[in-house]
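Student: I would like to learn how to read helix packing and salt bridges in a model. Can we work through one together?

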Amino acid sequence: MKGDEGPIQISTMQNPPRVYSSDGLYDTIRGDSEVFIDEEEFGSKLAELNKDGYIEKTIFEDVPVYYAKSGLEWSEVAHTKDSIKKEILLLLINDPKHFFILQNTQKGKTQISSAEMKKWGQDQMKVVTFVILDNNSELAKQSGDAIKYFFGNQKYKEYMWMINSKSKGTVDEVRTYIDAYAAADSDDTNYPMPIICLLANEPQCNRMLQIVNHIDTKVRLKGSNLRYGMIWDEADKTYRLLRNKTLIIDGVELSCGSFILDKNAGLYRAGFVSATYGELLEEYAECANAYLPPVVISPEDEERYRALHHKEGITHKVPLARHTNNSYAMHILEENKAHFTTPIILQSGEMYYRKTIINSNTRTADMKELALWCKARGMFALVYNGVRGTNVTVYGEGIPEKSRKTNKIVLKELLFYLYKKLGLHTKPLVIIGNRKVDRGIGFHYCPRTAKEDKIDDIDGLGTLLTDGKESLIWTDEILGKVLDKDTAVQKAGRLAGIIGHSLQYHGAIDFWMDAKIEKLIREHNTIVDAVNTYRGVSAKQAVQNAKDAMPRVKDEEVDPNIYRIYKDEHIVRSVCEILGYGFKKTNNNSDGFKMTSLRTEKAVVSLTDAVKHVPKAKGGGAGGTQSRRYYPCYVDTSDNTTLRFVVIIEAGIDPAKVVECDERFPSLLL
C-alpha cells in the first residue's frame, strides 16, 4: 500500500469514513511541492491529532490507517492554526458543509459555482440545488443562462426553475418533481438534479423555505436520501439580507439561517460566493469558518483576465475635489479630449473608438443631461437605469431617442445588438448609469469561442447574426465618488473581465478615479488573488493571512486611543454619560440614514472617513475647533443597516472613565 495516495475502501456502508494510510496522506498533501516537512515530522502531527481525539487509528492489511472520529465536523476544526493538520483533517472529514468562493469580479464565479453544483448532481444523495441571486432580474437571467450553458444537458434546462411572483403554483410543481426525483433510480436521466434559482427578496425566500421544509421533513421523518444545497451568489449582500428572515410553517418559525445551522439534517452543502466579503467574516461564524476550496480556473481564462490590478490595467488618478459624479466625468472627458476622441488602431487594422463606462449622478434627469452633453460633443451615449423595468436609452446624432427594456435579454447582448444595428461604432461611445453600474452585470460582449450565434429581433431592427469573434470591449471607466470600498470594487469590476483574447481588445483598460479609491480597490483585488493561494484554511484565516502578507504602505494612521466605535445608539448614550458628554440623538433622513458634518456640509459619512477626522475634532489629540463628541457613520454608505458611531475620547478625560467604558462596552475594531 505504500505510495497509494487515494483513500482506502474498508467498509461497504452507505457513507463509509474516509480512510488513508500515513503514506497516502503524506503524498496527497505534499503533492508536487519540493519544500515540505519530512515524514517523521508529518507522523508526529498525525500522532498529535490522534492524541487530541480528532482522528482514529486502526490496522488494515497490516498497515496503520487513519480516519476522522465519528461525527467530526469542519466547524470543530476550522480554527486550527496548523495548516498541515488542517489539510489532514480536510481529507478525512466528509466534505465541509459550508464553503466560501472568493474571486475577483468578472472572473467566472458562476462557472466555478456550476462546477460545484455538477458534482452534487453526481452524488448518491438526491440533492436539490437552490441558487440565491441578487435581487436583479437581469443578473438572474445572466446567471441562469450561464448555468444552463455550463450544464449543456437539455434536461437541466427543463428542470431549472425561477421562483418569482409571476410563477403561480411553482412551489407545488417543484415539490411534485422533487418527490419523483427522490423515487427515481440514480441513473434515471429523466430526473436530473433540479436547480432552483431565486432572487434575494422576501416573497421568493418564503417559497424557498417552503420547499426546503418539505425536504427537511422527509429527511427527518422518513429517512429520505433527499438533501438541499445552497449557492448564495453575491453573498455579502444576499445572505446578510435573508439569513434571518423568518417564515412560520405549521406553527414553527423557520429561516435560512436555521436550515443552515440548526435544523440542518437535510443540508448537503451551503456555499457563499462573492467578489467582496463585507462584514460576512465578522458577523457570521458559518462564513468565517467556511472551507475555502481550491478553485481551478483554466489557464486560458487566467491568461485572458484583465482588471484594475492587472499589469494592463492603467489607472489615472484624478482628485474628486468638490465634483459631483457628472461634473467629474465632464471634467475628465474635457481635460483628456484627445484620449477619448482619438480612435485606436487595432492589430487587425480596425479603427476602434473608445467606449467608456461612467458612474454618474443617481437622478435619471442628471443621467439624461450628461448623455445630451456627450451627444453635443460628438459622442454616442447610452443611459442604463430604471428601478421597475430597466431600460437602455440611446442618444446620438441622427438616432431616435428610444428606450429598450432589458427584461428579455442579457445586458451585454443588448448593448452589442444596439452597437451593431444602430452603427454606434463610428464615434466614441459612453454608457451612463449609477445603481446599475454595480455588482454582477457584465458589460463586455466577448464570446470565448468562435461559434456563430444570433440575437433575435428587437423593435423591428431585425435579427443579428454573430460570428463569435467580434466583441464589444469597453476601454475606459470613470468611477466618480464612491465612499464604500466594497461598492467601489464592484463598480470598478464592470470594466474587468475575460477579454484578453478579443480582436477588439487593444492591450489595456483605463480607469479614472480618485487616488484613495484606487488604492482601496487595488489592495482588495490583490488580497483576493492571494487568498486563493492558501490551502487548508478557513475563509477568515485566508483573508487575514493575505492581509498580513501585504506590503505595508505608510499611511496616515489615527491613534486608536482617541476614539471608540460602537453599533448601538443606546451604548453610545451610556458611554457619553460615563465620559461626561452631553448626548443629542440624531434623527434619520428620508432614506433612513443619519447625517453628520465632518467639515461644513452635512452628509452620509463612511466609518473610515469619520475615524480619519477624529484628530481634527476638539480635544481629539490635535487641538481642533469642532466640538462634536461622536459621529454617526456607515461601513457601507449605501446600506443604512451598517450604522456605526465613532465616539471621540477628549484629551482631558479621566483615564479611569475610559477604562470603565472599555470594560462595560468593548469597542469594535476598524
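Student: How are H22 and H24 oriented to each other, roughly parallel or roughly antiparallel?

Tutor: Two packed helices are described by the angle between their axes and the distance between the axes. Here the axes of H22 (residues 569–579) and H24 (residues 655–664) cross at roughly 160° and come within 9 Å. H22 and H24 are therefore roughly antiparallel. Angles under 35 degrees count as roughly parallel, over 145 as roughly antiparallel, 65 to 115 as roughly perpendicular and the rest as oblique. Axes are lines fitted to C-alpha atoms, for helices over the stretch in contact, with angles from 0 to 180 degrees between N-to-C directions. Helices (H or I, at least four residues) and strands (E, at least two) are DSSP runs, numbered from the N terminus.

This is a predicted model: local features need pLDDT of at least 70, side-chain atom pairs count only at pLDDT 80 or more, and totals for chains, interfaces and linings use all residues. Residues are numbered from 1 along each chain as its sequence is written, and side-chain values use heavy atoms, leaving out hydrogens and water.

Student: Which residues of H22 and H24 meet?

Tutor: Contact means heavy atoms within 4.5 Å. From H22, Val-575, Ile-578 and Leu-579 meet Lys-657, Val-658, Glu-660, Cys-661 and Arg-664 of H24. By class, this contact of H22 with H24 has five nonpolar, no polar and three charged residues. Ala, Val, Leu, Ile, Met, Phe, Trp, Tyr, Cys and Pro count as nonpolar; Asp, Glu, Lys and Arg as charged; the others, Gly among them, as polar.

Student: At what angle do H15 and H17 pack?

Tutor: H15 (residues 325–335) and H17 (residues 364–376) pack at about 15°, with axes 11 Å apart. That makes H15 roughly parallel to H17. Asn-326, Ala-329, Met-330, Leu-333 and Glu-334 of H15 meet Asp-366, Met-367, Leu-370, Trp-373 and Cys-374 of H17. The residues of this contact divide into seven nonpolar, one polar and two charged.

Student: Now the charged pairs. How many salt bridges does the whole structure have?

Tutor: Side chains of opposite charge can pair when their charged atoms come close. A salt bridge is a side-chain nitrogen of Lys or Arg within 4 Å of a carboxyl oxygen of Asp or Glu. A search of the whole structure finds 41. Take Lys-45 and Asp-82, whose side chains meet at 2.6 Å, N to O. Lys-45 lies in H2 (residues 39–51) and Asp-82 in the loop between H3 (74–77) and H4 (83–92), so the pair ties together parts 37 residues apart in sequence.

Student: Is Lys-45 buried or exposed?

Tutor: Buried means under 20% relative accessible area, exposed over 50%, partly exposed in between (1.4 Å probe, protein chains only). Lys-45 is buried, at 12%. Asp-82 is partly exposed, at 23%.

Student: Which salt bridge does Glu-283 form with a distant part of the chain?

Tutor: Glu-283 meets Lys-567 in a salt bridge of 4.0 Å, N to O. Glu-283 sits in H12 (residues 280–283), and Lys-567 in the loop between strand E26 (563–566) and H22, 284 residues apart. Glu-283 is partly exposed, with 30% relative accessible area. Lys-567 is partly exposed too, at 46%.

Student: Which residues are linked with Glu-283 in a network of salt bridges?

Tutor: The network links Glu-283 with Arg-240, Glu-279, Lys-567, Asp-639 and Arg-644.
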